[in-house]
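Take a moment with the model before reading on.

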Amino acid sequence: MNFDLTKEQSMIQQTAREFAEKSVAPLVEQIEASHQIPLELFKEAADLGLLAIPLPEEYGGSDAGYDGYVLALEQIGRFSASLSMAIMAHVLGLSMINTFANDEQKQMSLPPGCRGEHITSFAFTEPGTGSDPKQLTSTARREGDYYILNGTKRFITNAAYPGYMGVVFKEAESGKLTTFLIDKKAEGYSTSEPLEKIAMNGGQLLDLYFNDCKVPAANMIGQVGEGFYHLQAGIGYGKLGISAFCLGLAQAGFDAGMEYATQKMHRGTPIGVKFQAIQLMIAEMYEKLEAARLVLYKAATNANKNSRNNPAVFARDCAAAKDIVSHTAREIVGICMDIHSSYGLMKDYKVERLYREAVMMPQIESPSHIQKIIVANSILADYK
Amino acid sequence: MDIVVAMKQVPDLQQLRIRNREPVMADVPLTFGKIDKNALEAAVLLKEEHGGEVVVVAAGSEELEDTIKEAMAAGGDRSIMLADDKAGDLDSAESAEILAQLIKQVDDCGLIIFGEGSGDNYSGQVGSRVAEKLDLPQVGSVTQIIIDGEKLRLTRSLEDSVEIVEVMMPAVVIVTADLNEPRIPSVSQVLKAGRKPKEIISLDELEQPAAEKTLTTLSNLAPEVNRKRITIKSVEELVEILKTEGFVGGN
């Protein structure tokens, strides 16, 4: 077993870290206050290859694998959960298209996405269902060489930025789940205003409305009835990305906790040195962070082969990683808040924002019990 | 015309911890010093304007073969290095002798750029020593480099003045950190870095043996920090103390 990063992996990590420190950190307050990520920031990230790390070079990606992607997004997650969420949804969309779309569809959507001119999305959730495909109500009805799309999608990231998105509908004739590649400028496509959240308001979530939206039948990804596989793989990529920036959030919580524990004085001695209660919290943060990092790095490394060759194992690994790392982020940031005590509630302290962000993590991209059901079903399949 | 940049592999100071005033070196990764990165950026900008290749020369332990990828990702075209575990702790005289020999291998070398001091011991000697060994003119404290035909026009930022000088190429130019902001390498450049041409030699393969070590470091301790532990009861008292200490009220 070798737990050391390669030089290339360290350098990708460093590239993301420098970008986050120099270009993202100064904009964090502006992003949260304006509920908007400047498009120039996406362009800068794209120029550094950070918007398409696992995508193939032939479409403009960096071809640095999901391990490289996770290492980079962790660094950005230390500074901005909002930007990380947007990048996560973008890479989810690009990865799903790259895995399942035909070459013509890839040529149309991947290069502008890799260049940061388009910000990609993926949509499944509806007002009536988040995880149960059988309850999907939005429909795709064939009319000659076109499909007519109707319905509402909920909690969709990046929905108002220019570019393509993969959207899962119920194909009207067969009743089967089917995915379409949709230009977000298409007639009949509209969005709500960004939904107000407890935190991460720069990472916009919107409702989408399809009102007789007409798309060419050639925009269907794969075949009628394959939408569930696209969903399964897509959210696997999404969970990997969320886990990566949760790990960055956890690291930010650890760093803020350590800073306070070593600088806050009690009768001339830092509280982290003086009080065993604080020392126990420091140890707990460290142990949780180490365990989460190992689980995620392993899942990311295995994703390079399993996302295509072994989708069930990929889905299990990503669900387990997301469940573990998102809870770890919430726990570590909670400990960080305890170290700060009432000062942590003040907006002057970074932990105030981290705490609101960390509360969201176990809930997004399916909650904990759904992740556990995916893990359990994968394990039980081996016992049949 | 090629541009040579001499770089030194040093411990990543951002990850260095101080314990009992001594640096803890265990598990600290190696990287290039900040001013060396400024020197490289200057070379890459000149190459983008005038053409040629940026050749990175360096000497250090065998980990240099990995560290050099940082320079290749940031715009270097090829490297010539002495990577040998016996060369992990060179003094200025040894470094200068080795680097001079490596630079001689570059056929069309018009400009050799050094940072004004390395990230670790900052002796600031190696550039000047190399210029002497290669019998080349040298200009230090440089904050701007302009190539003008066969000449270089160099801006030197001195304590109380800015001096502009001209020098014929080839020349050794020693730059400061104010020169530029080094670029962040893209992920693609990172992945291509390891595939760029490199020549690696060991100490035994040098034409002349490296100079004898002339300097021995006896200790390397962080400065002692003594807090004054003054209790202040009013703003007036604080202002008075700051004035006494010379932090406010001066002209």
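By class, how many nonpolar, polar and charged residues does the lining of the second largest pocket have? The model is predicted, so treat every value here as computed from it. The lining has 23 nonpolar residues, 10 polar residues and 5 charged residues.

Now for the space itself. The second largest pocket holds about 1,000 Å³. Its lining is made of 38 residues, and those closest to the centre are A:Gly130, A:Ser131, A:Ile235, A:Glu365 and A:Ser366. Several elements of chain A contribute. Helix 5 (81-100), helix 7 (227-263), helix 10 (311-340) and helix 12 (368-381) are among those that each supply at least two lining residues. Helix 7 of chain A gives the largest share, 6 residues.

A:Ser366 sits in the loop between helix 11 (350-360) and helix 12 of chain A. Is A:Ser366 buried or exposed? Its relative accessible area is 17%, and buried means under 20%, so A:Ser366 counts as buried. Beyond its neighbours within four places in sequence, A:Ser366 is in contact with A:Ser131, A:Lys322 and A:Gln371. Of these partners, A:Ser131 is also listed among the residues closest to the pocket centre.

Step back to chain A as a whole. It contains 12 helices and 10 strands. Its C-alpha trace spans about 80 × 50 × 40 Å along the principal axes. How does the radius of gyration of chain A stand against that of a compact globule? For 384 residues, such a globule would have a value near 21 Å; chain A has 21 Å, which agrees. Buried residues account for 57% of the 384 residues. Take the contacts in chain A between residues at least 6 apart in sequence: 72% of them join residues at least 24 apart.

Finally, turn to chain B. B:Val106 lies in the loop between helix 3 (92-103) and strand 8 (109-115) of chain B. This residue is buried, because its relative accessible area is 6%. Which residues is B:Val106 in contact with, leaving aside its neighbours within four places in sequence? They are B:Asp2, B:Val4, B:Val55, B:Arg78 and B:Ile80. As for B:Ala171, it is 65 residues from B:Val106 in sequence and 14 Å away in space, C-alpha to C-alpha.

Methods
Residues are numbered from 1 along each chain as its sequence is written. Chains are lettered from A and ligands numbered from 1 in the order in which they are written. This is a predicted model: local features need pLDDT of at least 70, side-chain atom pairs count only at pLDDT 80 or more; totals for chains, interfaces and linings use all residues. Side-chain values use heavy atoms; hydrogens and water are left out. On a 1 Å grid over the protein atoms alone, a cavity is a set of points where a 1.4 Å probe fits but cannot get out, and a pocket is an open set with protein on both sides within 12 Å along at least five of seven lines; lining residues have an atom within 4 Å of a point. Grid points are joined across faces, edges and corners, and a volume is the space filled by probe spheres set on the points. Helices (H or I, at least four residues) and strands (E, at least two) are DSSP runs, numbered from the N terminus. Ala, Val, Leu, Ile, Met, Phe, Trp, Tyr, Cys and Pro count as nonpolar, Asp, Glu, Lys and Arg as charged, and the others, Gly among them, as polar. The radius of gyration is taken over C-alpha atoms; the globule rule is 2.2 Å times the number of residues to the power 0.38. Buried means under 20% relative accessible area, exposed over 50%, partly exposed in between (1.4 Å probe, protein chains only). Contact means heavy atoms within 4.5 Å.
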